[in-house]
Amino acid sequence: MTKILCVKDLSYTNSRKTGLFSAPRTFVLGPISFDMVKGETIAIIGNNGAGKSLTAKVLAGAIRPSSGSITFITDETSQQSSHSHPIRMILQHSSSAMNPALSLGSVLHNTLKLNTRLDEAQRQEKIKETLKLVGLLRDHYYYYSHMMSDGQQQRAALARALILDPKIIVADEPFAALDPSVRSQTVNLILKLQHELGLGFVFISHNIGIVRHISDRVLVMDKGQIIEAGRTEEVLADPKEVLTQKLVQSHFSLVERHASLV
Amino acid sequence: MALLDIKNLTLYLDGPGETIKALEKVTFTLQEGEIKALVGESGSGKTLVVKAIIGALPEHWRVKADRLTYKGQDLLKMNYEQRRQIMRREIAVVFQEPTSSLDPSVKLGEQIQESIPDEFVTKKWFWERNKQRKEIATGLLHKVGIREHDRWMNSYPYQLPADVSQKIMIAMALASEPRILIADDSTRGMESTTKTQVLKLLLKLNKTKNLSILFVSHDLLAITTIADTITVLYCGQTVESGKVKSLLKRPLHPYTKALLDSVPSFQSALKTKSPLTALSGTIPSLQHLPAGCRLGPRCPNARKKCVQVPIMRSIQGHNYSCHYPLHLPKAGKKDPTDDKFGEQDPIKFNLINPALEEDSADD
Ligand code: SF4
């Protein structure tokens, strides 16, 4: 297994002054360390306010960490263009993440224009490829965000992320806002992309069922720290920390009720 | 007698040139003390059903129903004032996204007190009355399992964590001691610990107060945990309904099956990372409703007959509307045209065709 990402002692401190005389409220994230191998899926679970989204943003480069390092290990032989971005992020509400005044084509086009040195023809070719990859049609090039269904928006969001040939995709609750059938389609699409492109996938979710189904490893976060980490089936079968036990038990209590009925 | 009885509820929208049936013959009942799940994805019309019950649909939308009654009283024939009385005391709704139905600029204590009907405040003098209101409000919060009542009553809506705001919304809905609680997507986006807490609360209210609950959701884990019966909606049509147990065991409608398949936790035999079974495509929008069974274009079993709306059939309290139900190959009359249309034959589904619609509308 080739290692593609090495996160070491990543931390971020956010302090906000709430009043003139009150002490500032501080949230400390990390230090967080973990590695990732090619094609791996890592799930981050934990309660609200545990710092999961913040972790995702720091990983994707949207927020500069206070200390620590994120290292990508690229193999020399790969033919990836050097200017491609190794980590791309998908936001939770893909519907509101796209500029409503631009068509999907121009959004993708701009992304390429700003981030790569491809010429016009190459850009068009790349867009065509990417649309096909995520299961959209050539015509969706001309679609604005309001013209697309939930499922298509999700695919468009994936297209935006994938067009720069990332090695890793980070997603914040990618399934939470989706209806069951669109959710299954998205899960399948991600599995397929991982299989085809060897993508690493880091996602935050509170849906333990999906975490169990698609992730290889799980990180449990609480108060800005990773409190438990390990192979998904091991952590879910034998959670060590109280918080993990709670999360897992409450999920399985729901599943058990189903099992008792059928 | 059913507390809430809905039969063939149809909602017409007059568009340019054509009339769309946003809901078509939705049928279900809610019995005293029952927890019924109304299941459907966005676009299934579940929120429209809720709005039809509470009378919140825009006036120019035409609602037709064979029955839409609360305790035998016809809701559609009531005047505004009568209907308002029922909504004020008998039926309470907890809407999606609790924080958007609260006033962001008013402290929660005040908002909760406001939801208490005047007749519950029996004291005479205003200082006594204020005190009594506060006590009732505190009691309500205790009832939903919130112990730090002072802290939350002095907060503004934006300061609430998701579980607390959901509980407060339920507390406010309970203020009028309703007979029916309609919970519209109450567990959406919650993580499992919070979800179990809210579900436990609803179950407790159901058991101790004999509160009937209409649980509107597509969260199948939550539904199987609390509901007694399920009604599944797809695209404005009732596709299947019955006891939770029998639907889980033996879904008869392909859509119900697809919904159940979408929950990986329900399939213990499922290999991790294997693709989930999912219907292709998405739920059509109101402008592009297919004729007949609206699942048609996405249904793996669709055949020629499906361009007619299937009528609702029933076996042992399990209702379904599908021409070719799963698990029941022999049921229904054999249609000679069936054999000519094997599954390999792709059937073209035309957009809504008024002529066909009328033909199939008799039952
Ligand atoms: S009536 Fe036909 S299209 Fe509709 S669910 Fe049944 S088999 Fe599928």
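Predicted model: local features only at pLDDT ≥ 70, side-chain atom pairs only at ≥ 80, totals over all residues.
Of the 13 residues around the ligand, those that come nearest are Cys293(B), Cys299(B), Cys306(B), Cys322(B) and His323(B).

**Ligand site**

- The ligand sits in the second largest cavity, and the shell around the ligand is made up, by class, of 9 nonpolar and 4 polar residues, with no charged residues.

**Interface of chain A and chain B**

- Chain A brings 39 residues to the contact, while chain B brings 40 residues.
- Between them the two chains bury about 3200 Å², of which 57% is on carbon and sulfur atoms.

**Polar and charged pairs across the interface**

- Between chain A and chain B, 11 residue pairs are in polar contact, counting pairs with both residues at pLDDT 80 or more.
- The rule finds 1 salt bridge across this interface, and the side chains of Lys273(B) and Asp216(A) meet in a salt bridge at 3.1 Å, N to O.

Methods:
Residues numbered from 1 in each chain as written. Chains lettered and ligands numbered in written order. Heavy atoms only, no water. Near = heavy atom within 4 Å. 1 Å grid on protein atoms, 1.4 Å probe; cavity = no way out; pocket = protein on both sides within 12 Å on 5 of 7 lines; lining within 4 Å. Sits in = over half its atoms within 2 Å of the grid points. Nonpolar A, V, L, I, M, F, W, Y, C, P; charged D, E, K, R; others polar. Contact = heavy atoms within 4.5 Å. Buried area = accessible area lost by both parts, 1.4 Å probe. Salt bridge = Lys/Arg side-chain N within 4 Å of Asp/Glu carboxyl O. Polar contact = N/O pair within 3.5 Å; in protein donor to acceptor, adjacent residues only side chain to side chain.
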